[in-house]
Amino acid sequence: MKKLLVLAVMMLSAMTASAQQEVGTWSVTPKVGINLAKVTDANDASMQVGLVAGADVNYQIAEKFAVSAGVFYSMQGAKQKYREGGISFDEKVKLDYINIPILAQFYVVPGLALKAGIQPAFNVKHKHKIESGGNSAETNIDHFKSFDFSIPLGVSYEFSNFVIDARYNLGLTKIVDVDGSSSKNSVIQFTVGYIIPFNN
């Protein structure tokens, strides 16, 4: 029994030691995950599931504080179902971005971090798609803005060089330049990554 207890403590200690990078070190973390995206002020719109993938570079400034910057390809937008004249339609707004999150990370306990920062982004796709009865039509969205800015807020947990990250990206800029429209991006994001330490 004592041997099992000692072994469990050793394993826990090893996980804790590898759960967070040492002060003064750099790491890169490739990540992949999903977005649950919406566009605000869109009537009856529901969340659209999309992929997100990229990598963060992290610098551990202090035991409880780190900063990171990343580049991610992010599939966002919204979707809506409606009926017209007895015919059902699926309407999708497909918005793809190159997101550049810059975050401060505060570790409340080893491995568990609260995150906040800024996220400039550049749109690379803005399509409007309607599907009905196996047919579809896709067009570009007019007057779409190429630049987006949001505030990412989240939490992550690191264990054995893996990291699970959950965050909410609060859009601050209008996505279209049209009078009377105030639609902005609203994205819940979940990713899994692997931390690769490196030194200068």
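Visitor: What volume does the largest pocket have?
Guide: About 300 Å³. Keep in mind that this is a predicted model.

Visitor: Which residues are closest to its centre?
Guide: V39, A42, E91, V93 and S183 are the closest, out of 18 residues that line the largest pocket.

Visitor: And which elements give two or more residues to that lining?
Guide: β3 (65-84) and β4 (87-99) do.

Visitor: How does the lining of the largest pocket divide into nonpolar, polar and charged?
Guide: There are 9 nonpolar, 5 polar and 4 charged residues.

Visitor: OK, next one. What is the volume of the second largest pocket?
Guide: About 170 Å³. Its lining includes Q48, V49, G50 and L51, along with M75, K92 and K125.

Visitor: Which elements give two or more residues there?
Guide: For the second largest pocket they are β2 (48-62), β3 and β4.

Visitor: What about the classes in that lining?
Guide: The second largest pocket has 5 charged, 4 nonpolar and 3 polar lining residues.

Visitor: Change of topic. Where is S182?
Guide: S182 sits in the loop between β9 (162-171) and β10 (185-194).

Visitor: Which residues is S182 in contact with, leaving aside neighbours within four places in sequence?
Guide: T40, D41 and K174. T40 is 142 residues apart from S182 along the chain, yet their C-alpha atoms are separated by 7.8 Å.

Visitor: What joins the side chains of S182 and D41?
Guide: A polar contact of 2.5 Å.

Definitions and conventions. Residues are numbered from 1 along each chain as its sequence is written. This is a predicted model: local features need pLDDT of at least 70, side-chain atom pairs count only at pLDDT 80 or more; totals for chains, interfaces and linings use all residues. Side-chain values use heavy atoms; hydrogens and water are left out. On a 1 Å grid over the protein atoms alone, a cavity is a set of points where a 1.4 Å probe fits but cannot get out, and a pocket is an open set with protein on both sides within 12 Å along at least five of seven lines; lining residues have an atom within 4 Å of a point. Grid points are joined across faces, edges and corners, and a volume is the space filled by probe spheres set on the points. Helices (H or I, at least four residues) and strands (E, at least two) are DSSP runs, numbered from the N terminus. Ala, Val, Leu, Ile, Met, Phe, Trp, Tyr, Cys and Pro count as nonpolar, Asp, Glu, Lys and Arg as charged, and the others, Gly among them, as polar. Contact means heavy atoms within 4.5 Å. A polar contact is a pair of N or O atoms within 3.5 Å; within protein, one must be able to donate a hydrogen and the other to accept it, and residues adjacent in sequence count only if both atoms are side-chain atoms.
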